[in-house]
Each structure stands twice: as structure tokens, then as C-alpha cells.
Amino acid sequence: MDSYVYLLYIFILSHSIVTFCHCQIFVFITEPRVTSIVPLNSTALTVNWEFASQAYDQSDLIRIYIVFYEFYYTYNRVYASTNYTFTTANKTITSLTKNFELVNAYYYVCFSSNSTVTNVSQYLSIINSCTLTRTCSRSGNSCPGPSVVTVLATNITSNSFTILFLWPNDLPYTWNSSAVKLTNNSQTVSAYLSSQNNTYTTRSYQFTGLKSQTSYTVNASFSYAILGGTPTTNITILTVKTSCSSKLLCADDLLFLLSCSMILFFTNALK
Ligand SMILES: *[C@@H]1O[C@H](CO)[C@@H](O)[C@H](O)[C@H]1NC(C)=O
Ligand SMILES: *[C@@H]1O[C@H](CO)[C@@H](O)[C@H](O)[C@H]1NC(C)=O
Ligand SMILES: *[C@@H]1O[C@H](CO)[C@@H](O)[C@H](O)[C@H]1NC(C)=O
Ligand SMILES: *[C@@H]1O[C@H](CO)[C@@H](O)[C@H](O)[C@H]1NC(C)=O
């Protein structure tokens, strides 16, 4: 039985190779890829890419298209695509440096390529492999990259706490949704309060009716997108411990108090 299956396998394999060779479609094509996007100073970026080794890539006509989307708070624009055509003989350019008018702005850099094997009319087209980046600070001394969304717990009491999402206003993502859940008791809060200052748009979720001095595991997630693209979900897990109830002494405090009085007792006894 086993050897029968094996023979069948050999037959299928050899048959498919024959088919491949007959149709002349057995070519390897791999796309060029971005290796890094480097902020040079407060107004310029360099995009670096590499071509696949010819051991894996038999394409003889490669087109590269690079598009920069620029964002500065509510302002945005798109620059005309920078296009390159390469043949096997002249794959010489592997970077593009672009200087912009704005200082310390955000850029969504989209890299597309079309690698073709001309004599068999086969191609591999990769459209919009995009990265969010940012030029350096105004002084040019630091290049910290895009701001990030911060998730944290505040206003912790013995029976409640609040989970905050701090969304930097300069981030060019659009907020799709957010959800906060306690994994201990599956409690969720769907209503949130939203407020805004110059730096952040804050969304806060308040949990109430909790036990004092208890560790809660919070699953906080939000989903965002850029330029109407596919949404991405970010999940943050936080552990939040509610405080002591003010009226009662907590177990830890009691122990601490007890050891303090013991030390007092002994130091007094030693005198
Ligand atoms: C940033 O670097 C680019 C490219 O080297 C250069 O053209 C531009 O003048 C520089 N800008 C500043 C503000 O230094
Ligand atoms: C490579 O050669 C092709 C065909 O001669 C030409 O169209 C293209 O501009 C060249 N590309 C570069 C980067 O020199
Ligand atoms: C890629 O290049 C091939 C050959 O020039 C062309 O037929 C095809 O339409 C191109 N594909 C895309 C998505 O541009
Ligand atoms: C904006 O709000 C956040 C969150 O409440 C706070 O941490 C930050 O200090 C505020 N910034 C300004 C400039 O008021």
C-alpha cells in the first residue's frame, strides 16, 4: 500500500515537472525590497532597497515606483511617484533621497514594483508595501520616529480605575474602534469619554464595582488604519491592582504595622 502511494507520488511529481518544462513557465521571480527608510535631518528621508539575488530572481525588467504621502496634523499631500526602470545590466540605483518643504512631518512611504521576465511574459507585481516614518526634530538633533499611542491606568481607587488611550494628534492614523475588557470577570465597558488638548485625544474607560486590593488583568485593544487601508489591531495587556479600602486596614498594612510594633517593642526592651 505504502509503495503504491509512493509510486503514485513519483508519477504525479514527474508528470508535473514535464508539464512545467513543456509550457516553459518554470521561472523564478522575486521582488526588490525596502531595506530601510532613514530620516537624514528635519526635512529629508532616504529610502534604501535591494534587488533579489539572481539565483532567485530571473526577471530582466524591473520597475520600481515610490510614492510619498505627507502629513502634518490636518494638512496632507501626496507627491508624484518617483519611477525607475531597471534591466539585468543596470540595477545600479538602490536609494532615493527626498527633501521636503515641511519640518518634522510624517511620511507614509509606499514602495511598489513590477518584475517581469520579458520572453515568457511572466511578472510579479507588488503594490504598495508602505511604511510610516517621520523626519527628525526641528533642531535635527533627534529622530525619534512616529509618536505612539499610550495605554495606561489612572484614578485607581479601592473599587474602580480608568483606562486611558492617549492618541497623539499628530499621528496620521484614523481611529476605527477600541475595546477594554477585564479578563478576570469578562467585565467590559463600552462607553468612553473623549477629550482633547493640543497634544492628545484621550479616550477613557471607567471600571467600577471592583474588589479592593485585587489585581485585574486588562485587555485594551484599538484598531486603526491609514489612507483607508486595512485596519490593524493593537492589543495591550495591563495589570492593575485596586487600592486598599480606606475604612479598613488592608492585610499588607496590618502586617507592616505589626512588624513595626514588634521592632518598637524589641528596641524598647533592649534599652
Ligand atoms: C537635509 O538633507 C538634505 C539632503 O542631504 C539637504 O538637501 C537639506 O538641505 C538638509 N536640510 C537641512 C535643514 O539641513
Ligand atoms: C536601464 O536601462 C534601460 C534600458 O536601456 C533604461 O530605460 C533605464 O532608464 C535604465 N535605468 C537606469 C536606472 O539606468
Ligand atoms: C507588470 O508588467 C507587465 C509587463 O510589462 C505588464 O503586462 C503588467 O500589466 C504589469 N502589471 C502591473 C500591475 O502593473
Ligand atoms: C494633554 O492631556 C494629557 C492626558 O490627559 C496630559 O498628560 C498632557 O499633559 C496634556 N497636555 C497638555 C499640553 O495639556
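A pocket, as I use the word in these notes, is an open set of grid points with protein on both sides within 12 Å along at least five of seven lines. With that settled, I note that the model I am looking at is predicted.

**Entry 1: the second largest pocket**

I began with the second largest pocket, whose volume comes to about 160 Å³. Its lining takes in Phe 71, Tyr 73, Thr 74 and Asn 76, then Trp 167, Pro 168, Asn 169, Asp 170, Leu 171 and Pro 172, and also Gln 196. I sorted this lining by class and got six nonpolar, four polar and one charged residues.

**Entry 2: the largest pocket**

Next I looked up the largest pocket, which holds about 190 Å³ of space. I found Tyr 108, Cys 130, Leu 132 and Tyr 173 in its lining, together with Tyr 224, Ala 225, Ile 226, Leu 227, Gly 229, Thr 230 and Thr 232. Which strands each supply at least two residues of this lining? They are β8, spanning 122–134, and β15, spanning 215–225. By class I wrote down eight nonpolar and three polar residues, with no charged ones.

**Entry 3: the sheet that contains β15**

I saw an open sheet of four strands in the order β12-β11-β15-β16, paired antiparallel. At its edges sit β12 (188–189) and β16 (232–241), each pairing on one side only. I then checked the pairing of β11, residues 174–182, with β15: eight bridges join these antiparallel strands. One residue I picked out was Lys 181, whose bridge partner in β15 is Asn 219.

**Entry 4: ligand 3**

I turned to the ligands and took ligand 3 to start. Around it I listed Arg 63, Asn 114, Thr 116, Tyr 123 and Ser 125. I looked for polar side-chain atoms by its oxygens: one of Arg 63 lies 3.3 Å from an oxygen atom of ligand 3, and one of Asn 114 lies 2.4 Å from an oxygen atom of the ligand. How much of ligand 3 does the protein bury? Taken alone, ligand 3 exposes 370 Å², and 51% of that is buried by the protein. Strand β8 turns up again here, as β7 (106–117) and β8 each give at least two residues to the shell. The shell splits into one nonpolar, three polar and one charged residues.

**Entry 5: ligand 2**

Thr 85 brings a backbone N or O atom to 2.8 Å from a nitrogen atom of ligand 2. Asn 90 uses its side chain, with a polar atom 2.3 Å from an oxygen atom of ligand 2. On its own ligand 2 has 360 Å² of accessible area, and the protein covers 46% of that.

**Entry 6: ligand 4**

My last stop was ligand 4. Which residues surround it? I found Leu 166, Asn 197, Thr 199 and Tyr 200. The protein covers 41% of the 360 Å² of accessible area that ligand 4 has on its own. A polar side-chain atom of Asn 197 lies 2.3 Å from an oxygen atom of ligand 4. By class I recorded two nonpolar and two polar residues in the shell, and no charged ones.

Technical notes: Residues numbered from 1 in each chain as written. Chains lettered and ligands numbered in written order. Predicted model: local features only at pLDDT ≥ 70, side-chain atom pairs only at ≥ 80, totals over all residues. Heavy atoms only, no water. 1 Å grid on protein atoms, 1.4 Å probe; cavity = no way out; pocket = protein on both sides within 12 Å on 5 of 7 lines; lining within 4 Å. Points joined across faces, edges and corners; volume = space filled by probe spheres on them. Nonpolar A, V, L, I, M, F, W, Y, C, P; charged D, E, K, R; others polar. Near = heavy atom within 4 Å. Polar contact = N/O pair within 3.5 Å; in protein donor to acceptor, adjacent residues only side chain to side chain. Areas by Shrake-Rupley, 256 points an atom, 1.4 Å probe, with all protein chains shown as cover. Pairing = 2+ DSSP bridges.
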